[in-house]
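I set out to record, step by step, what I looked up in this structure.

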Amino acid sequence: AISVWKIDLPEVAGVVTQRGILPTTFVPMEHTHCVLLRVNADGTAIPDEAGDSGAPLLSAERVAAMRDALEALEGEEIEVRMTEIVIEESVACAIVELPPIVPCAFKVPHVTLGTKMGVSPGVAARLLEEVRGGRTGGVTCIKLQNPDPFRAASSSSPRAGRLGTRARARWRERDNK
């Protein structure tokens, strides 16, 4: 079984489709979320879906510490801010700012907003690594000035709801069998 900790951000999907942020050739993500940690049954961290170095290999001790921290945050309210939208020919994603107390295995915490048909959302981690490393060709980066926070409450519930006009995001551990 694979355990996945993530912050569900359903309001992000609504914003993306309403504002027409994505190129018309992209398919918006149905379930927008920020993955914090993926762990195999043996306790080792799983790299992102594209199989690249977006999620560094973590020591067993680091993975255990991250799991403990995520479990300790159960039920706590946190704020998540989208700080930048990054778009290239096959994927669009948003860089998110997490509070320092929320651990994330990825070097650049993000939400995949949409992809071209057949493209894995996991390529977003590689794109963001390249942009952080200085890539500018074929990439559009839109910095968001004074972004409103998405209020996030950790929960084991599989569905997220609304809190006024702000997202109520939830992270949880999920077993994939």
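I first read the order of elements along the sequence: the protein chain follows the pattern β-α-β-β-α-β-β-β-α-β-β-β-β. This comes to three helices and 10 strands; helices (H or I, at least four residues) and strands (E, at least two) are DSSP runs, numbered from the N terminus.

I noted the origin of the model: it is predicted, local features need pLDDT of at least 70, side-chain atom pairs count only at pLDDT 80 or more, and totals for chains, interfaces and linings use all residues. Residues are numbered from 1 along each chain as its sequence is written, and side-chain values use heavy atoms, with hydrogens and water left out.

I looked up burial next. Of the 177 residues in the protein chain, 46% are buried, where buried means under 20% relative accessible area (1.4 Å probe, protein chains only).

I then checked contacts, defined as heavy atoms within 4.5 Å. Among contacts in the protein chain with a separation of 6 or more, 68% join residues 24 or more positions apart.

I turned to strand β5, residues 91-97, and found six of its seven residues buried. Two strands pair if DSSP finds at least two bridges between them. Strand β4 (residues 77-87) pairs with β5 in the antiparallel sense over six bridges, and the two form a hairpin with three residues between them. Here Ile85 has Ala94 of β5 as its bridge partner.

I also followed β5 to strand β6 (residues 110-116), where the pairing is antiparallel over five bridges. Cys93 stands opposite Thr112 in β6.

Definitions and conventions:
Buried < 20%, exposed > 50% of the residue type's maximum accessible area, 1.4 Å probe, protein only.
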